[in-house]
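Please keep the model open in your viewer and follow the selections below in the order in which they are given.

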Amino acid sequence: MIIPLLKGLGLTLSRFLSKPITIQYPEEKVLPAKRWRGIQYFEMDEHGKTKCVACGLCMVVCPSQCIYIETAEDEQGNRYPLTYELDVSRCIFCGFCEEACPVKAIFLGRNYEWVEGDRKTFLMTTEDLLKQKAFNP
Amino acid sequence: MQLLFLLIEIIVKCVVVFAGLMLCVAYLTWLERKVLGHIQVRYGPNRCGPFGLLQPFADGIKAFFKEDLVPGRSDKTVFVLAPMISIVAAISIFAVIPFGNQFTIPGTDWVVKLRLADVDIGLLFIFGFASLGEYGIVLGGWSSGNKYGLIGSLRAAAQMISYEVALGLSIIGVIILSQSLRLTEIVHLQGGGFWNWNIWYQPVAFILYIICGLAEINRTPFDMPEAEAELACGFNIEYSSMKFAIFFLAEYAHMITMGAVAVTLFLGGWQPIIPQLGFIPGVIWFCMKLFAFMFFFIWQRGTFPRLRYDQIMKFGWKILLPLTLVNLLITGLIVSLRG
């Protein structure tokens, strides 16, 4: 009767002396898995512009219809997105846009921290998507 | 003039002991959360100040600003009185605990004895007040007009009274050995190294005292009166704000006094482990021993599950009480045979 009690005390003492496994969130973070589907980002081409050719496939495939694209052509006749709007507050992070993209321009990144007080601020433009690249080296 | 100095000495000692005790109580809550946290492989409070050291004050401020509710169906007078009884009983015990020997104030021949009161019936006083503390819990649960509170206080009454019998009997062995109820005398008899401590002469009584003491102060595994899982906090369910805080403080103060009595009776009070270490002040030895007890109380709380109510009663009456009686009988026999 006494020995199990002492065993229990020994176990808790060894736990007491071991290092806590707590991850103290704002200071310490866990990197999400490689295939984590977080906030989207744009891949850049050699000029530092988006690789997106504004084909509109992502807009079509998006189940929550949160992508809106206006297409334009430059002097060489290359298509580019005049406006590319992605409403992250409506996005369900399914990753279909990434799958649909024929030029590998849009990807779902590993960033998951984004808090705003207003829904409108969740509307991402081309520049915002390019900026998100910084979170996904 | 002499009288005035005496008065000043008493007041200063009272204030220092009271403030020290309250500070200890505050930090005991912090220590408990910290130790329990580490036992569960997490950190415990660490946001409020370095290592969460300001946590007790944050808790105090929070408790102070909460709404002070008195239930409509409660017995108002008793409801307000109950936490006061609890805290008074818990703190009063510390008046007779000798936490150090004595020292002379440098430059004068004024001897300061490090205890508030050195009464002949110290042990009797302690157990009298310890029993008084039960009234706080019993009345608190009863007067709040809540069924959980009532069940909690009924359990408290049954449990504490049955364990008090064994608690009182377990220390009679020590009284037989030291032939005195005066705590300073009991400590003096244990002087001259750890081999003279009562724990070696009364090991069974020591273990029984710890077990009964845990039941007496309602610590896990005997925390029947406030069994969170079944009674939703038991006797203090209707208490909020400072009244709850006072119950909380009383519980921890009671824990400290229980530990202090154990140190005094069994571990040689302020006496050093070996006489060669006598240069370290007695107060520090006392605090170190007390800390060991506090750590053990918290440690075992993080280890053992709560007993069932009938198990507690069975354990108290059928195991602890006979054991204390046997221990008492053997002690008395040996002492009388040795003359």
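Select H1(B) to begin with: this helix has 38 residues and spans 53 Å from its first C-alpha to its last, close to the 56 Å expected at 1.5 Å a residue, where the expected span is 1.5 Å times one less than the number of residues. Helices here are DSSP runs of H or I with at least four residues, numbered from the N terminus. This is a predicted model, in which local features need pLDDT of at least 70 and side-chain atom pairs count only at pLDDT 80 or more, while totals for chains, interfaces and linings use all residues. Residues are numbered from 1 along each chain as its sequence is written, and chains are lettered from A in the order in which they are written.

Staying on H1(B), colour its buried residues (20 or more other C-beta atoms within 10 Å of their own, with C-beta atoms placed from the backbone), namely Leu21(B), Val25(B), Leu28(B), Trp30(B), Lys34(B), Val35(B) and Ile39(B). What covers them includes helix H1 (2–17) of chain A, together with H2, H3, H10 and H11 of chain B. Past the helix, pick Val41(B), whose phi is positive, near 55 degrees.

Next, show the side of chain B that touches chain A: eleven residues of chain B are in contact with ten residues of chain A, contact being C-beta atoms, placed from the backbone, within 7 Å. H1 (2–39) and H11 (282–301) of chain B each supply at least two residues of this side, and the largest share, three residues, comes from H1(B).

Finally, the predictor gives the complex an ipTM of 0.72 and a pTM of 0.81.

Key
Contact = placed C-beta atoms within 7 Å. Buried ≥ 20, exposed ≤ 12 C-beta atoms within 10 Å, placed from the backbone.
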